[in-house]
4 protein chains.
Amino acid sequence: MARMKDETKRLSILESSKMLFSQKGFFNTSISDIVRETGFPVGTIYTYFKSKDEIVRTIVEEGWQQWYEQVEQACASEGSPEAKIRILIDRFIPRLFDDLDFISILLTEAIDYTRIEAKVEKLTDLTFSLVKPMLARSQMLQDLSRDSMQAALIIFFLGILDAARLARSSSIGLKESHITGFMKMIIENTFGVSL
Amino acid sequence: MARMKDETKRLSILESSKMLFSQKGFFNTSISDIVRETGFPVGTIYTYFKSKDEIVRTIVEEGWQQWYEQVEQACASEGSPEAKIRILIDRFIPRLFDDLDFISILLTEAIDYTRIEAKVEKLTDLTFSLVKPMLARSQMLQDLSRDSMQAALIIFFLGILDAARLARSSSIGLKESHITGFMKMIIENTFGVSL
Amino acid sequence: MARMKDETKRLSILESSKMLFSQKGFFNTSISDIVRETGFPVGTIYTYFKSKDEIVRTIVEEGWQQWYEQVEQACASEGSPEAKIRILIDRFIPRLFDDLDFISILLTEAIDYTRIEAKVEKLTDLTFSLVKPMLARSQMLQDLSRDSMQAALIIFFLGILDAARLARSSSIGLKESHITGFMKMIIENTFGVSL
Amino acid sequence: MARMKDETKRLSILESSKMLFSQKGFFNTSISDIVRETGFPVGTIYTYFKSKDEIVRTIVEEGWQQWYEQVEQACASEGSPEAKIRILIDRFIPRLFDDLDFISILLTEAIDYTRIEAKVEKLTDLTFSLVKPMLARSQMLQDLSRDSMQAALIIFFLGILDAARLARSSSIGLKESHITGFMKMIIENTFGVSL
DNA sequence: AATGAATGAGTCTTCATTCAT
DNA sequence: TATGAATGAAGACTCATTCAT
């Protein structure tokens with residue numbers, strides 16, 4: 001047998017690329033930057049990925065999948081809607097902050113490779129099913145449509161991602177706790193619940 | 001006379017570039033694309049702008065300035081905070097939708113040239129001054145800090161921009177009215193006002 | 001006004017490329033070989049030709065056109081069919097030998113870019129119209145079809161080209177005069193004429 | 001047993017390569033194309049052939065040898081020169097058409113690996129010895145030199161190969177029968193024989 | 001001022017061959 | 001012996017910017 005493909009190498013390429021794409025941008029990162037960063041020869045990059053595009057696409061898809069699957073599991077578990085929402089806010093929003101590289105790539109240059117619509121649709125469905133039981137209690141929101149719900153979700157979700165990105169890259173004194181705090185407040189206020 | 005002609009050309013370059021950057025992305029648009037689109041010779045592009053970067057920067061700065069100045073004026077005018085907020089939502093958010101090209105550029109590839117932090121800071125100050133009188137009425141929000149306010153603003157502002165971008169580019173059935181409607185609801189709910 | 005495209009440069013690129021393609025083959029000639037040979041920078045090659053392919057295609061088309069137009073003129077002039085055929089053999093076959101680079105390219109690697117069928121069709125028409133009056137005299141050939149004529153022509157024409165190529169490149173003692181002499185003999189013999 | 005299997009693989013590589021070289025050209029066929037086509041791993045290709053070049057060379061040499069040996073045998077057998085020539089035309093020219101892949105490779109890209117001169121020399125000797133007795137009868141051809149004979153042979157032989165190649169690849173309505181028919185006619189006419 | 005040819009560093013990617021397993 | 005990952009020089013081509021005219 002010849003050598004087998006080495007998952008460690010594959011991940012190393014992915015990790016270095018993610019960092020570079022996020023810091024310098026997809027288009028300002030050259031394959032030779034990745035070569036320099038990983039220490040692998042060019043050819044090796046291309047035995048693991050067909051193209052530069054495929055690298056971003058993989059970063060986005062695998063990053064998303066990891067996050068989303070966990071969210072899904074958490075929502076499938078026992079517990080009141082309130083409890084689940086609390087988990088979402090306290091556990092999964094912070095987790096996004098841990099992978100800002102991923103977010104940067106998701107939102108900016110690679111947006112063409114990102115199929116973000118599909119992701120948003122799935123997230124809408126998940127969230128809507130979660131929020132539905134809570135709507136009954138709120139007279140005002142009783143007939144919140146899926147469309148409005150989606151508008152809300154997109155604004156919050158993408159807003160949070162962008163905010164997280166800004167918080168990192170800029171001198172703005174924006175902290176993670178401000179963001180989760182604000183989200184909690186909005187939800188408590190809107191649904192009349194206490195998280 | 002010569003002055004007029006110059007300004008026309010300058011705007012023409014800006015307009016074509018904005019369209020191209022927004023549709024194909026900054027890095028996928030070459031100067032020769034701009035040449036083709038405008039019909040001007042390369043040299044001419046460079047007599048009006050020092051570099052490709054300067055073109056984006058100009059698009060962003062001028063686009064922002066136009067929008068922001070009007071917002072500022074509206075807020076400086078007479079009227080209750082509620083009235084002003086209503087104007088913001090009903091007049092200036094929709095205006096953002098009219099210039100999605102500008103937004104796309106602002107948010108994605110050109111983000112390096114965008115100095116978005118400065119813009120957000122100014123917007124925070126403006127909004128905070130606007131909202132302050134309303135906070136007094138809300139027991140819950142009484143001690144909302146500027147930082148939290150900024151977190152909120154960033155999330156909403158960038159979230160709306162991203163949502164607008166998505167609404168345009170994708171098959172998601174997201175409409176302008178969903179977005180403004182949602183914003184109104186949130187604010188009414190949060191501040192206990194009726195817009 | 002800026003500089004104008006320089007026909008001298010264009011021809012220089014064409015000439016160098018023809019020599020290189022012919023000697024080393026199309027695929028074994030790199031753009032940087034052409035750069036080295038011409039002394040022009042890469043960029044310059046590409047301001048005159050869109051691609052490497054376009055260079056071969058141009059060599060073949062322009063080379064063919066030059067030769068064919070002259071053949072056509074000669075055949076359009078006054079004179080008996082025999083005289084015209086003599087001219088063809090004595091003047092235009094030798095001329096092919098003068099541009100063996102062109103022939104090598106035509107026949108070998110670039111054959112995909114060559115549209116040789118179209119060329120052969122035109123040549124068949126021309127030759128057939130020329131030979132027709134002579135057919136009447138030959139009982140045997142009286143009903144030579146255009147198809148057979150074309151078979152003959154292709155065999156001779158391509159055969160001669162290949163022979164010329166071999167004559168140059170190899171140690172075979174094959175001389176131009178052998179080829180034209182043989183052609184004359186065949187024709188005299190076949191049509192019962194004296195050239 | 002092991003030997004059998006080996007030879008099968010070797011021939012399989014040769015067959016696939018011939019097809020690919022002929023269809024896409026030598027330079028446009030990569031070793032990994034051959035890998036894909038044969039289903040063998042790269043390493044295996046290289047245990048049977050030292051290099052890509054050696055594959056073409058082998059295709060050409062073995063293809064030639066097969067054809068030539070049979071020609072030689074046929075010519076060595078009893079019978080009048082006319083009978084032998086008839087056999088050549090009716091049996092061996094058609095056989096060339098059966099292996100157009102081989103011809104394509106022989107004539108075009110692989111010409112560097114082809115040592116075609118040596119082949120032509122041998123063929124000239126064979127043909128000359130065959131034709132010699134027929135020359136005596138023809139006053140005109142009596143002093144046909146070997147050189148002229150070779151010119152003729154090259155023109156016809158390569159011309160036929162090229163014609164065969166064209167007949168296959170193009171929309172030209174050129175048929176095998178046109179080619180053999182034409183050859184017969186030329187020979188009958190030139191040598192005053194009836195085939 | 002207007003023009004557009006000139007430039008060359010830099011881009012992504014390929015691929016024949018080797019050699020560790 | 002069989003395998004296929006590893007390699008890196010070399011490939012074609014791009015493009016922002018300059019500057020001669």
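Modeller: Contact here means heavy atoms within 4.5 Å. The model is a predicted one. In chain A, the domain assignment gives domain 1 as residues 1-49 and domain 2 as residues 56-191. The C-alpha centres of these two domains of chain A are 30 Å apart. Where they meet, 12 residues of domain 1 of chain A are in contact with 12 residues of domain 2 of chain A.

Next comes the area. Between them, domain 1 and domain 2 of chain A bury about 1,000 Å², and 63% of that area is on carbon and sulfur atoms. On the side of domain 1 of chain A, the residues that lose the most area to domain 2 are Lys18(A), Ser22(A) and Phe26(A). Together these three make up 49% of what that side buries.

Across the interface of domain 1 and domain 2 of chain A, the rule finds 2 salt bridges. The count of residue pairs in polar contact between these domains of chain A is 3, with both residues at pLDDT 80 or more. By class, the side of domain 1 of chain A that touches domain 2 has 6 nonpolar, 3 polar and 3 charged residues.

How values were computed. Residues are numbered from 1 along each chain as its sequence is written. Chains are lettered from A and ligands numbered from 1 in the order in which they are written. This is a predicted model: local features need pLDDT of at least 70, side-chain atom pairs count only at pLDDT 80 or more; totals for chains, interfaces and linings use all residues. Side-chain values use heavy atoms; hydrogens and water are left out. Domain bounds come from an automatic or database domain assignment. Buried area is the accessible area (1.4 Å probe) that two parts lose on being put together, summed over both. A salt bridge is a side-chain nitrogen of Lys or Arg within 4 Å of a carboxyl oxygen of Asp or Glu. A polar contact is a pair of N or O atoms within 3.5 Å; within protein, one must be able to donate a hydrogen and the other to accept it, and residues adjacent in sequence count only if both atoms are side-chain atoms. Ala, Val, Leu, Ile, Met, Phe, Trp, Tyr, Cys and Pro count as nonpolar, Asp, Glu, Lys and Arg as charged, and the others, Gly among them, as polar.
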